[in-house]
Amino acid sequence: MKETIRSQRLHESYVEVRHKSGLRMLLCPMEGYSTTYAMFGTPYGSVDVCFKTDKDPDFVTVPEGIAHFLEHKLFENEDCDAFERYAKTGASANAFTSFDRTCYLFECSENFEASLEILLDFVTHPYFTEQTVQKEQGIIGQEIKMYEDDPDWRVMFNLLCALYHVNPVRIDIAGTTGSIAQISAELLYRCYNTFYNPSNMVLAVAGNFTVDSVLAVADRVLQCAEPVQIEYKRADEPREVYKKEWEQSLSVAVPMFSVGFKADPGPYEENIRGSILDEMLIEIIAGEASPLYRQLYDQSLINQTFYGEAMAGRDYLCNMFSGESRDPRAVQKALYGEIARLQHEGLDPEMFEVAKATVYGRYVGALDKSEGVAGLMVSGAFNGVGMFEVIDIAAGATIEALQQRLAGSFDIARSAISIINPLQ
Amino acid sequence: MDHGFKRERISDTIHFSHITDTKFKSNRISVCLITKLSPEKAAVNAVVPNILRLGCKSCPDFTALNRRLGRLYGARLYGDVTKYADKQILVVSIKGLDSRVTIHGEDMVRELSSLLCDIVLDPVIENGAFPEGATALERQNLIDTIESEINDKRVFARARCLELLFGGAPQAVRPYGDVEHAKAITPRSAYEAYCGLLKNARIELLFAGSGDPAAAKETLCARFAALDRPQAAPLGQPESAPAAGGIAQQTEPMDVSQSKLVMGFWCGDTDEQERYALRLMSAMYGGTPSSKLFLNVREKLSLCYYCASRYDKGNNILLVDSGVQAEKKEAAQAEILRQLEAIQNGEFTDEELQNTKLAMNTGFAATTDSLAGIESWYLTQILSGGENAPAYEQAKIAAVTRGQVVAAAKKVTLGAVYFLKENGEHKEESKQ
């Protein structure tokens, strides 16, 4: 199956192919680019701690941080690690684990086919032993410690811990030194066999390459596998927030804060469509062109670090405003006041047009880089909203649709604040 | 591929450069004011871009200005302060979509260039000074920025190591200056600093993107050519680094979970060709996931989470930094030095050398695939007196021989060791 997906608006296109192995491939050759960016991903992230396949009798609960641990371990096989192989092609390789996906990627300027072969090969050939698992526990333990010192990271996770009672989105992506100590080679294989089946994965390539070159490598490397159906066990998350406040002290100069609003999640695709509109609401409530931003900035309650973010996933949806402030609670109060005012008085049509153009520009601008294109294609494959569709949703937003979302997406009764205070 | 980089002279100290590449969907236009770093003036200069971005005579209201930017598809106005060797670079940039991908087809390049000129050249002035309110806000924000350098421990530790290496030289001055001088900023002193920069700083106007640079050139050149700059003189090359003498060492305790070890190395007197060899040597030493530091200090000995080296072309130094546990510091430091010695002794394979060149090729190519990368590349070229395209330098690196790498490594000597040491436990509490 091969289909060309076009954007009438941007006069651009990409190709979607379903490979015989079951792998879905999204391929976007970009004229004039010198590099190629490839991303091979699975919809398996830190939130997936309880699951089964259609072939398993029971659900399994795995230690926190295991998706990230698996990402690290996959780079190593019996003979050598993937970085050693990439060294021979010159590709710059990496991987990341987020809440709901794990992606392996590389960027290269030459030897694209050889690099793609390495990517498809090492991700589809796991090799875990108890010895190599133990060694990795030390390295990841250091990574966990590094994040413990990172106030930006802590302020966000403390907020998620305040908003959610049991939803695993509150779990740190790398887990804890305690949880990763429970990981074994056997558990890694169980996770791998569940989530790394080609029929559940996606390969996105953007930049300087030809579609035929990708197909040739895929034919050579990928084996056909029987498709696996995954069943994710959802946490029974109460509607209300877990705590209204969460504070921690770290060595920071000025207090840092994050104010979050918990919303009711729907199906994944609906969450993503909604979050694009929520981004516009964030601009209207406290974007740089809003009256509130001006008021807070003039009162020295926020500085240029202030930003808003919509966060949507498979079974979570929340919005947050974060930054530095000497008085985070005054910022929280002002945000509540402005949200209540907008809910009561309605949205300003001029601000709506500004917010819509801003969010549209943000998504079109992301297509300037092959990395942005590959990332949007992978997201689209997992959440059902294609790369060009995101831009059409932004361009087609209406003030009525935003007004409708305001109450549910920014519910003051379901909000919390996380604060990082300077050490005494 | 030279990306059509063109540099045009407006006066001895003002230039307009443009790089056009139709593959992009955006344009980025920047005004860079370049001056010598000094401890006394760094802070007051640094506040200027942030006061400017709050408004101008044609759009004095910050909210109205941002609405104008928002309607221009979320065009972004940036005020930025960086450094390169002994120079402070104050940048005001604007970035926005190109006309061909907008919904209504606005003339984006002309709109953005004109607004940028208004912001930089026509600010709101009250009684011969910047407005009191704007100055007070940005003075406090600057103080917060300087004090918040501590938030990112890796960046903080590297800056400390640079201070150890350069002592009182301009290279040690932080781009935002220090809190003491920031506190002394007044509306008048900030305005005087602004006037001084327009009169005396070297001015580089840059356009990068897919649009037609002619509109940007016409607007920017006309407005900047009218500046009265009788005193402006070209900036010289960076002063040479202080002579190496002994190893400066400092350990600073802090309440963190992970310690940071930063080692600063002098690279001796070098010519252009030797600097290419040093870049290659640094990448093979600790610049890639197959480098000696990554494979040995992290992977083989599990001494740290990261261990990387970076060659600082402007200062001609090499910094190695690592996130370690305090009890492993000595072992990590010894291994970092042992790996350097290995390169000095020629203990590396031809394959390692070739692989490093391949990895660097990807970096050179990636530079040309992003607007920010292109702008940063050519600004660095301009600052170091060149106009080389990435492909030119890639070819120079490709020609570096094994012997040249060994010779370059032999010039590298340890100059400073800074250690940010973990000390105590975090306090965590939650309230309901």
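I take two strands as paired if DSSP finds at least two bridges between them. Helices (H or I, at least four residues) and strands (E, at least two) are DSSP runs, numbered from the N terminus.

The model is predicted: local features need pLDDT of at least 70, side-chain atom pairs count only at pLDDT 80 or more, and totals for chains, interfaces and linings use all residues. Residues are numbered from 1 along each chain as its sequence is written, with chains lettered from A and ligands numbered from 1 in the order in which they are written.

Sheet of chain B. I looked up Val31(B) and found Val92(B) of E5(B) opposite. E3(B) and strand E5 (residues 87-97) of chain B run antiparallel, joined by 11 bridges. The open sheet has 6 strands with mixed pairing, in the order E1-E2-E6-E3-E5-E4 (chain B). Strand E1 (6-11) and strand E4 (76-84) of chain B are at the edges with a single partner strand each, so one side of each lacks a neighbour in the sheet.

Domains of chain B. I noted domain 1 (6-225) and domain 2 (248-422) in chain B; the bounds come from an automatic or database domain assignment. Their C-alpha centres lie 30 Å apart. The contact (C-beta atoms, placed from the backbone, within 7 Å) takes 25 residues from domain 1 of chain B and 24 residues from domain 2 of chain B. On the domain 1 side that touches domain 2, strand E2 (14-20), strand E3 (26-36), helix H5 (153-166) and strand E6 (202-209) of chain B each supply at least two residues. H5(B) gives the largest share of that side, 9 residues.

How values were computed. Two residues are in contact if their C-beta atoms, placed from the backbone, lie within 7 Å.
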